[in-house]
Structures are given as structure tokens and as C-alpha cells.
Amino acid sequence: MAESIQGPLVKLVDLHKEFRTKQGTLHAVDGVSLHINQGETLGLVGESGCGKSTTGRLLVRLLDATSGQVFFRGTDVQSLNRTELKKFARKAQIVFQDPYSSLDPRMSVAEIIGEALLVHKLYTKGKALRQKVESLMDYAGIASRLINSYPHELDGGRRQRVGIARALALEPEFLVLDEPVSALDVSIQAQILNLFEELQDELQLTYLFIAHDLSVVKHISDRIAVMYMGQIVELGDADEVIHNPLHPYTEALVSAIPRITRSTEHHRIILEGDVPSPVNPPSICRFYGRCPVRQDRCRRPVELLEVEPNHYVRCVLRETA
Amino acid sequence: MAVRLRNATTGESLPVPPTIGTGRKQRTRFDETWRQFRKNKWAMSGMVLLIFLAFVAIGADFVAPEGLDDQQLGRRFLAPSAEAILGTDHLGRDILSRIIHGSRLSLSIGFITTSIGLVIGGGLGAIAGYYGGSRDQFIMRIMDVILAIPGFIFAVALVTALGPNLTNLMIAVGVNSIPYFARIIRSSVMSVKENEYIEAARALGCSHTWIILRHVIPNAFAPILVQATLRIGDTIIIAAGLSFLGLGAQPPLPEWGAMLSGGRQYLRDAWWMATFPGVAIMFTVLAFNLVGDGLRDALDPRLKN
């Protein structure tokens, strides 16, 4: 697997995921292409239902794509068979949003964290396994005396740490973090975010960090991708996206980040209306119906274009600029 | 071992409260259920009755004053008295002794038939619920067909075809139980598999079989246990009914339904012959239903207080 160290660790090429519903075809992910470099954190931001979690699940092959490819170190994840998929589990893991439903209530902390090691036959039940579990708990910042506890005995933050320790058990190099702090108290969120940064430094991890607001990802991400209705609408370096948003949707998200200023310049952009249904969307700019600066020429399909170096945006108004 | 719970801003280590998870005083789900169950007087009395029945059944040879077929034609149709507490039948056999020996039959019929339904129905239901799609359709439509035939008539037909004896009776009643378990386990599995820990297990590379056995079934267990307990009561009644019709236990076996049937023709002169086996059936089924209802209440988290 060492052949493509130079290229990006993860590469998505024109990824589509459709779900059949009674109303029609739901385009959850509609032509997403992006890459994640080794060692970086890509923040993926968007409101609920925009397809960001679906993208995360496609990446670790919890879902099968309708079309398009997910390359991990040059190997197409979507084409892996059952045995290859099991091997792939040792490279890419996922941390879930809800620390209550993501841990099996019938298993102790030791069983939850050690399960993958047993399934992959890296350890057998015994002292060595227990020591390995304790060291994983140490990595994730859980006191080792909680090893025999059950999830319901732990608070949200500790449960999420157990979920992180479980994801680290197979020593992956890539983690999908699917809104890992949205369900936690704000005071705990910072602790868990710090933990992710520490782990990234120590274990050279690469993250796809999924979140629904920019304030969570702006510090941890190297680059940020903004998603709207299954499409990437803006992609660029974190600072660029935050301080120089080019898409009106990103501007609205940026304006929603809480700030401690009395500046009169700062005005919150309130988007009107709801997200339109992703079932059979019209082939015009997806943001047209809610866009505060829409024009007649926006009523056509829009491409994601590099309008500034390494700063991509999908907006008609930026095409001529 | 360094515990890295740090204050987010200052970086200081945070103390871990010493009360959680010290391993000694763990309140498991079992403790919690038992605590709820104990509060329920009806369920507890059903439980006591079941334990009593189990002891009687196991120790029948020691508890019963006489054997199951000790005929003494000199004391036919004795009314309940000091000599024979529940009276004697048309062949002079002690009815109490026969009921005690019969408890073995009824309880084993209940357990064996329910186990047949639980294992086969449970397996099919788990597959249908976990995989969904065409496998689900195929399995559940077959279950619908079985359910469409009235249970008792289905069992009568099956026993008549296979020949009337206890083994065939248990097969018939067991097959009849399969769809009940398949349905309840299917729906329970379908709700369990929506949990993120199932996805997490898949992401970790666990096989479907491993996930069903290690994650899905343990978490879908509560409704299964309730259904099994209630179902034992039902199968005892169906089995007694079949034996009453002569399709189950054959003479001289003291199956309660068969005893009821044998006493029926003497009902006018010797009411005790049919009454006491009937009472035994009633209390046994009642006990299972009380325990089943109690378990359901104790396991239902919405009723917790």
C-alpha cells in the first residue's frame, strides 16, 4: 500500500448516493468530489439532511455508493469484497454522533473496546487483551478503573471517549468523525476536541470531521468543505472559508458563528424558508430558493469552480469574477 | 497510569469522581429488572407457584403418595377424604398422585414446545428482521400462512396425520408456536438494528453472524423472554386440549388433559375426577401468565420509576 504516499490519502470521485423513497429518488449525495491529504483534517459542514453523514458512511463503506468511487490510498473502497473490507476496517474507522446509541448497552467498556481486537484475531481473551484495552482507554482519557463499567453508568463525555477508544483499537490511520461532539455538553465538547487534536499529533491520524456548524470545525480543520443538498458548494483552506466566504450559503453559516463583539458591522444573515426536498431536485442552483442574492441567471446547473487558488465555489455570481 | 482528563482551557487534570464504576457495586440490568419484578405482588405469587410446581415435578417420585398407575379396584370412585385427599378414579388410582406425576408431563410439554418455537421461530425472525428485503418477505409470508390456520385445528390435523402420541403432540404445538416468536423477534430485531452500535460493529469488520449473535439477540432478548413465558402457558393449554381429544398422551399416562377427558363421563357421580386436573391446569397457566406479565412490566423501561 506504499505505492501512492505522494497522492491524497482519500479521494472521492463524482460520488453519488440515491435512496429510493415512495415520493421518488432522494439524492443524498449528488456528485461529491474531494480529497483528503495525509495528516490533515477536513471539516465537512452543512445542515441536517444535506448528505454529510451519508458521505462519511460511504467513505468507510457502511453504505454502498450508487455511482462514483472512493479511493483510499489508490484502492477503490467501493469494490472491496468481504475479506478485503474486513482488512480495510483496520485502516479507516468512524466515531458516531450519539454516544448513547453507539455503544451496546449489554457490553462492558472492556468488551466494547476489545471486540474489534477479538474479531480480527489480533488478541485472544486474557491478560494481554486487557492491557491493550487499558492502554487504549488511556489514549482516550478514560480512567482504567472504569473498565468493567457499562455504558449507562457513564456520562456522555466518557461514553464518547469509549467510542473513540473503540475506533482506535485497530490502529487506523483515518477516522471519520460524524458530528462527534454535537450530542455533548458545551463544556465537554472542548475536551473532546482537544483529545482529537492530541490523538492526531501522537498517532498521525487523518480526519474527516463532520459538523453542522462552523464554530466547531473552524479551529480543528485545515480545510473546510461546505455541503448543501448533497453537493459541495464551497471548499477551501479553513481560514479562507471562514474569513472570505464566497458562497452566499457559507456567508450565512459564517454569520451564525457566535462572536463576542459589539461591532455594528456584524449582521446575522437569516435564511428564509426551509431546505427544499432532496427528492427529485430541479436542475438549477440548489440554493436558488433561499439565496438572498439570487438572480435570473442562477436558474441553471452550476459547477464547482476554483475561483481563487485552492478555493472552490459553486455559485453563478462568482463564475465571471 | 496517567489519566488524561484535562480541563479544556487550563490543561489541568480533572479529578474523576470516585463513585462510578468501581466494579463492585454495579447495578446491572438484571438487578434493575429483579428490583422491579419483586415489587409486583401478583408476579411474585406466580413465581412462587412456579417454583413450587418445579419442585413437585422434579421430585414427583418422592412427593407423590402413590405411583402414576397404581390401580386398586377395591377403592374405585372414592370421594376426597383422608385416605385419598383428592379422591380416586374409575380404576381406583389416587388422583393427587396422578396429578403430581402429570405435572412433569405438562411442564416438559410447555418447555419443549416453547423451545421449538423459540429456536426455530427466533432464528427465522432474526434473519427476517436483520436482513429485511426478500428474505423477510419470504419468511414472514410463510409465517402468515401458518397463522392463518387456527392453531388448535392445525395441531389436530398434524397429530392426526403423524399419529397420536406425546412426541407428535409436542411437534405440532411447537410448530404452531413458531410464527408467534418469528413475529415478535423480527420486530424487536428491526428496532435494535437501527442503533448506531450495529453500524459501529460493521465498521469494525464484524460479520453479520457475529453481529446477530453478539449484539442483536442480547438486546432483543427482553420481549423474547416475556413472549416465551406467556407462550408456555398457552402451549400447556393447547396440549391439554389435544390430550382431552385423545390426540396426545395415551393411557395410562397421567397427562392433565387426558385425566380431564377420562373424568368427563363420570362427572355426575365423581366430580373430583375431572375437577382437580382442571384446577391444576388453571393454576399452572395462571402462574406462567402472572410471571410473564410481571416480566413485561419489569423489563419495560417506560414503566420505571
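Let me open with a charge over a ring: R231(B) lies over the face of Y180(B), at 4.2 Å from the ring centre. The rule here is that NZ of Lys or CZ of Arg is within 6 Å of the ring centre and within 35 degrees of the ring normal. Chain A has a case too, with the charged end of R294(A) over the ring of Y288(A), 5.6 Å from its centre.

Ground rules next. This is a predicted model, where local features need pLDDT of at least 70 and side-chain atom pairs count only at pLDDT 80 or more, while totals for chains, interfaces and linings use all residues. Residues are numbered from 1 along each chain as its sequence is written, chains are lettered from A and ligands numbered from 1 in the order in which they are written, and side-chain values use heavy atoms, with hydrogens and water left out.

Now the aromatics. The count is 13 aromatic pairs over all chains. Rings of Phe, Tyr and Trp (its six-membered ring) pair if their centres lie within 6.5 Å; planes under 30 degrees apart are stacked, over 60 edge-to-face, the rest tilted. Take Y249(A) and F287(A): edge-to-face, 5.3 Å centre to centre, 65° between the planes. That pair links distant parts of the chain, 38 residues apart, with Y249(A) in helix α9 of chain A and F287(A) in the loop between α9 and β11. Helices (H or I, at least four residues) and strands (E, at least two) are DSSP runs, numbered from the N terminus. Y249(A) is buried at a relative accessible area of 1%, and F287(A) is buried at 2%. Buried is under 20% relative accessible area, exposed over 50%, partly exposed in between, with a 1.4 Å probe and protein chains only.

In chain B, W271(B) and W272(B) are edge-to-face, at 5.7 Å and 80°. W271(B) is partly exposed, at 43%. W272(B) is buried, at 6%. Back in chain A, F72(A), F88(A) and F174(A) form one aromatic cluster.

On to helix α8 of chain B, residues 196-203. Why call it largely enclosed by the rest of the structure? Because 7 of its 8 residues are buried. Among them are Y197(B), I198(B) and A200(B). What do the buried residues of α8(B) pack against? From chain A, α1, β6 and α5; from chain B, α4, α7 and α9. Contact here is heavy atoms within 4.5 Å. Just after the helix, G205(B) takes a positive phi of about 95°.

On a 1 Å grid over the protein atoms alone, a cavity is a set of points where a 1.4 Å probe fits but cannot get out; a pocket is an open set with protein on both sides within 12 Å along at least five of seven lines; lining residues have an atom within 4 Å of a point. Points join across faces, edges and corners, and a volume is the space filled by probe spheres set on them.

The search finds 2 cavities of 30 Å³ or more. Residues lining it include R166(A), A200(B) and A203(B).

The second largest pocket has a volume of about 640 Å³. Of its 24 lining residues, the closest to its centre are R82(A), L85(A), R202(B), C206(B) and H208(B). Which element gives the most to that lining? α2(A), with 5 residues.
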